Every structure is written in C-alpha cells, then in structure tokens.
Amino acid sequence: MNTDFLELDGAIGGGQILRSALSLSMLTGQPFRIHNIRAKRSRPGLLRQHLTAVNAAAQICSANTCGVELGSQSLSFVPGPIRGGDYRFAIGTAGSCSLVLQTLLPALLQADAPSRIHLSGGTHNPLAPPFEFLAHSWLPLLQRMGAQVQLQLLRHGFVPAGGGELALQITPGTLQPLHLSGPGERLGQQARALLADVPGHVAERELARVGKRLKWPVEDLKGVWLERDIGPGNILLLEVTCSDVTAVFSSVGQTSVRAEQVADQAIEQARTWLGSGAAVEEHLADQLLLPLAMAGAGSFTTPHVSEHLSSNIEVIQRFLDIDIQCCKSDRNVQVRVLRR
C-alpha cells in the first residue's frame with residue numbers, strides 16, 4: 001500500500017476540494033492529508049454532509065482515516081481497494097445527498113462489482129445541486145460516456161427537515177472521452193416551482209417572474225405541490241433542453257427572501273449561460289471535469305472559469321497525470337483535458 005501522503009491545502013476552496021480528493025484517492029490508491037478544510041467558510045471544518053462523505057468513502061474502500069469528526073479542519077485518508085455492494089448512508093441532517101453521491105460515484109464506476117446506494121438527507125438544498133440537476137443534466141452526459149447508472153428520487157428533502165431519499169444503481173465500466181463545443185439545437189424549456197407546506201402564491205409569483213423576464217410561454221410554467229409533511233420547502237427549477245446537453249438552474253426559497261428574488265437568482269444563471277453560447281453552465285463544468293479526467297480526454301465550453309472549476313483543476317492535476325487547459329475566447333472558455 002502506498003503510504004506517501006499527498007498534502008493538500010483546503011483553503012483554496014470549499015468542500016469541493018475534500019470531495020474531489022476523496023474520489024481521486026479511491027481511484028488512484030493515493031493517500032492524502034488535507035489541512036484548512038473549508039477555512040474561508042462562515043462555519044469552517046467538516047459539517048455533517050462532509051463527515052458522511054468521508055465515512056462513506058472509507059467504508060467503500062476500507063480506508064484508514066484520522067481526524068474525521070465534526071468541525072475538524074484536518075484529516076488523513078489512506079484508501080484500500082474499492083468494493084461494490086449494497087450501501088446505506090444517512091447524513092442525519094438536511095445536508096446534501098447530491099454532494100455525497102458525487103463523491104462516491106466515480107470510484108464505484110471502477111469497483112469490483114455492481115453497487116446499490118441508498119442515501120438519506122437533503123435532496124433540494126441551497127448551494128448544492130438538486131436531484132433534477134443530477135438526473136437531467138449531469139448523469140445523461142456520464143451515460144453518454146459509457147456509465148451504467150440509474151438514479152431514483154424516493155422522497156424530497158428540504159432544509160431544515162431533511163428526510164429526503166435517493167437510490168442509485170451502478171454497474172462498473174470504463175468512461176469514454178466526451179467533447180462538447182456547444183449545447184446544440186434548443187428543443188424546449190420548462191420552469192417548475194416545487195412547494196411543500198408553502199402558500200401557493202409563492203409559486204405563482206416565481207413563475208410569473210420567469211415568464212416576464214425570460215419570455216417563456218405560460219404552458220412552460222408549472223407549479224408542483226408536494227405532500228405537506230415534507231415541508232416547509234420551495235425550489236424553483238429552470239430546465240433548458242438542447243440536442244447535446246440539458247441545463248438545469250435552481251434557486252431555493254427561504255423565509256427571508258421574496259419570491260421574485262428567488263426567481264431572479266435562477267433567471268440570472270440561465271441568462272448568463274444562454275447568452276454565452278457555451279456547452280455547459282458554471283456548475284456542470286465543475287462537476288463534469290473529474291469524469292473527463294477519468295476518461296483521459298475530453299473538452300467543453302463554459303461561460304467562465306469559476307472558483308470551483310479552478311480549484312478542482314488544481315486538485316485533479318495533483319492526483320492524475322492529466323493536463324487541463326483553459327482557453328478564453330470572446331464569449332466563453334474552452335476547457336480541454338489531455339493526457340500528459
């Protein structure tokens with residue numbers, strides 16, 4: 001077993017640095033130590049969802065760990081072989097199931113057997129990809145690369161109640177390169193406002209704002225009422241379907257934020273991407289990078305180089321013999337992944 005630790009500084013980004021490091025450590029067998037975990041965040045150190053990700057990763061590859069406790073800003077991780085199987089992981093709060101899932105999936109694609117995962121926690125969180133982003137935007141591209149993955153939403157989970165559930169089935173396989181120069185032909189769009197134990201006028205105001213600012217017709221604006229016991233919860237989802245990609249933008253409602261402001265947050269994300277002509281939006285760019293690195297090659301265009309994308313590039317290049325290039329043009333940035 002390799003016991004030479006790769007040293008990482010978590011201050012270059014947030015929890016994404018830890019999640020990427022866990023995925024890459026499992027894939028490569030390279031142990032790592034990370035310090036200053038989420039040092040620049042208002043609540044630095046490990047939160048519950050980060051603990052779940054570390055402990056889940058450790059269980060999947062029988063890793064030796066040190067420093068894995070709530071609030072810890074340093075930890076070490078020494079991986080063993082990746083093992084498929086049936087796994088159940090509970091975050092214990094409304095922390096994001098999506099972020100834990102994205103930590104584990106790359107490794108389980110290279111496990112020794114198929115896997116089934118059941119995750120409980122939050123499925124529609126602020127500052128994390130919602131279920132619809134995974135199911136309609138991210139996973140379809142991985143499936144085009146050869147990943148055999150099925151994802152199900154069993155129950156919605158909002159902040160602060162949590163209680164959401166996701167189920168994932170994974171068959172190991174090899175990813176193939178993917179090249180996306182643009183989104184392709186625009187085929188349609190839809191705005192959905194999900195509500196659970198929240199007044200109906202919230203959805204009406206959010207959708208009216210979308211119709212007014214994006215000029216989407218009324219038939220593309222839908223309110224979805226969920227069971228009251230799931231709530232309170234509200235999320236606005238904007239989905240743009242093109243021939244090569246589907247983009248999903250979201251904004252989570254909060255008690256102190258007006259419905260129009262919630263809508264504006266998602267609208268601005270969509271307008272930035274729609275105006276750029278780029279293949280993938282900011283969040284998909286960050287989360288597509290590791291699968292392309294696993295495939296050894298690939299490319300896409302994106303509106304700009306975000307902090308998450310930049311820090312993810314740095315971490316991936318520490319673990320893998322991969323060159324990631326970002327070339328700016330007038331309207332967007334081309335990101336290329338190449339073997340060295």
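Entry 1: I am working with a predicted model, and I looked up helix 5 (residues 200-214) and helix 6 (residues 259-276), whose axes come within 8 Å and cross at roughly 35°. I noted the crossing of helix 5 and helix 6 as right-handed. On the helix 5 side I found V202, R205, E206, R209, V210, R213 and L214 in the contact, and on the helix 6 side A259, E260, V262, A263, D264, I267, E268 and R271.

Entry 2: In UniProt, in an unreviewed entry, I found residues 184-272 listed as "domain: RNA 3'-terminal phosphate cyclase insert". In the model, the end C-alpha atoms of residues 184-272 lie 17 Å apart, and I noted the span as 33% helix and 37% strand.

Entry 3: I next looked up an open sheet of 4 strands, which has the order 11-10-12-13 and mixed pairing. Strand 11 and strand 13 (246-252) are its edge strands, each pairing on one side only, and the twist averages 20° from one strand to the next. Going through the pairs, I found strand 10 (residues 186-196) running antiparallel to strand 12 (residues 233-242), with 10 bridges joining them, and I noted E239 of strand 12 as the bridge partner of Q190. Strand 10 also pairs with strand 11 (residues 221-225), here in the parallel sense and over 5 bridges, with A193 standing opposite G223 in strand 11. Strand 12 and strand 13 pair in the antiparallel sense over 7 bridges, and the partner of L236 in strand 13 is S251.

Which strands does helix 4 (residues 131-144) touch as it packs on the sheet? I found that helix 4 touches strand 10, strand 12 and strand 13, and that its direction makes about 170° with that of strand 13. Helix 6, known from my first entry, lies across strand 10, strand 12 and strand 13 too, running at about 155° to strand 13.

Entry 4: I then looked up another open sheet of 4 strands, with the order 9-14-16-15 and mixed pairing. Strand 9 (178-180) and strand 15 (322-328) stand at the edges with a single partner strand each, so one side of each has no neighbour in the sheet. Neighbouring strands of this sheet are turned by 20° against each other on average, direction ignored. Strand 15 and strand 16 (residues 333-339) run antiparallel and are joined by 7 bridges, and K328 has V333 of strand 16 as its bridge partner. Helix 7 (residues 282-295) packs on the sheet and touches strand 9, strand 14 (298-302), strand 15 and strand 16, its direction making about 170° with that of strand 14. I also found helix 8 (residues 307-319) lying across strand 14, strand 15 and strand 16, at about 155° to strand 15.

**Entry 5: salt bridges.** My search of the whole structure gave 10 salt bridges. I looked up one of them, in which the side chains of E7 and R33 meet at 2.7 Å, N to O. This pair links distant parts of the chain, with E7 in strand 1 (residues 6-9) and R33 in strand 2 (residues 32-35), 26 residues apart.

Methods
Residues are numbered from 1 along each chain as its sequence is written. This is a predicted model: local features need pLDDT of at least 70, side-chain atom pairs count only at pLDDT 80 or more; totals for chains, interfaces and linings use all residues. Side-chain values use heavy atoms; hydrogens and water are left out. UniProt positions are given in the numbering used here, feature names are shortened, and annotations may be inferred rather than shown by experiment. Helices (H or I, at least four residues) and strands (E, at least two) are DSSP runs, numbered from the N terminus. Axes are lines fitted to C-alpha atoms, for helices over the stretch in contact, and angles run from 0 to 180 degrees between N-to-C directions. A crossing is left-handed if the near helix is turned anticlockwise from the far one by less than a right angle, and right-handed if clockwise. Contact means heavy atoms within 4.5 Å. Two strands pair if DSSP finds at least two bridges between them. A salt bridge is a side-chain nitrogen of Lys or Arg within 4 Å of a carboxyl oxygen of Asp or Glu.
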